[in-house]
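Thanks, everyone, for making time this morning. I would like to walk through one model with you, so please have the sequence and the structure open as I talk.

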Amino acid sequence: MSHSLADQNILSESGNVPQIGQSFTILSWNLLRAVGAPLDEVVALARNVKPDIFLMQEAIGAFDRLPEIMGGYYARIPLPDRIHGTACWSRFPFARAPVSCALPSGLMVRRTAQLIDFGSFSIANVHLSHGQILNRRQLRHVAPMLRHHALVMGDFNLVGPALMPGFQDVGPRAPTHRMADMLPIRIDRCMVRGMTALETAVLPNQSSDHHPIKVKLKLEAPDRHSTFFQRLRQKQRLRDKG
């Protein structure tokens, strides 16, 4: 398998999976199935930004050529009964093969999350339902399946706060999509636990109806006192109740 010099540079600029105190850059982009961003746009974006991890939603089989073109590690999981689904390209090796996690689903589409484990942290690559109660249930469903250092990223189809206990919304605040091609909204999100955002950006749109988003994250050391203070707050709430 041969790769261009640009692709060799992508793979050589970062070494092993990040550990505590180290950082990495991650992209997420809803590609809009077969009528949106083609393979060459995804490759061009990766070569330009040089992410460590690239999450995709509504990815079709054409993107299975990414490791052939860019090297690295790749996995794609179609949604049930659909030609598209979530995909992940990474310069880091997976700790184990990414798996599909069934989410509470609506009437139209059976939703899943792509769970990706790198050992020191894990990721849920998501394309959530449009229902504003349902998509928050989907977030709470996936959270317990992730490591302490974790992120949930992708197309949330969500307006307003995510209401995801233990996680912080650190994604860029600019709009990423236009509802009905008119109203700008921020539905492509990044929620983290045990990490700090160092940089965020909404990138220029191309053939998809979504903008890619970029986040640079640092793995933080666990707070040894967090459990104590959580118990303290719980005792205070119980005293307040009665």
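Which residues make the nonpolar surface patch of about 410 Å²? Before I answer, please keep in mind that this is a predicted model, in which local features need pLDDT of at least 70 and side-chain atom pairs count only at pLDDT 80 or more, while totals for chains, interfaces and linings use all residues. Residues are numbered from 1 along each chain as its sequence is written, and side-chain values use heavy atoms, with hydrogens and water left out.

The patch is made by Val159, Met179, Met182 and Leu183. Accessible areas come from the Shrake-Rupley method with a 1.4 Å probe, and for residues only the protein chains shown count as cover. Leu183 belongs to strand E11, residues 183-185, where strands (E, at least two residues) and helices (H or I, at least four) are DSSP runs numbered from the N terminus. Because its relative accessibility is 47%, Leu183 counts as partly exposed, that is, between buried (under 20%) and exposed (over 50%).

Let me turn to strand E7, residues 122-127, where six of six residues are buried. On one side these are Ser122, Ala124 and Val126, and on the other Ile123, Asn125 and His127.

What lies beside E7 in the sheet? Strand E6, residues 112-117, runs antiparallel to E7 and is joined to it by five bridges, where pairing requires that DSSP finds at least two bridges between two strands. Leu115 has Ala124 in E7 as its bridge partner, and the hairpin that E6 and E7 form has four residues between the strands, with Gly119 in the turn showing a positive phi of about 95°. Strand E8, residues 150-155, pairs with E7 in the parallel sense over six bridges, and Asn125 has Met153 in E8 as its bridge partner.

Taking the sheet as a whole, six strands form an open sheet in the order E5-E6-E7-E8-E12-E9, with mixed pairing. Strand E5 (99-102) and strand E9 (168-169) are the edge strands, each pairing on one side only. E9 pairs with E12 in the antiparallel sense over two bridges, and Gln168 has Val192 in E12 as its bridge partner.

Conventions: Patches are made of residues with over 30% relative accessible area and no salt bridge: like charges are joined within 9 Å, nonpolar side chains (Val, Leu, Ile, Met, Phe, Trp, Tyr) within 5 Å. A salt bridge is a side-chain nitrogen of Lys or Arg within 4 Å of a carboxyl oxygen of Asp or Glu. Buried means under 20% relative accessible area, exposed over 50%, partly exposed in between (1.4 Å probe, protein chains only).
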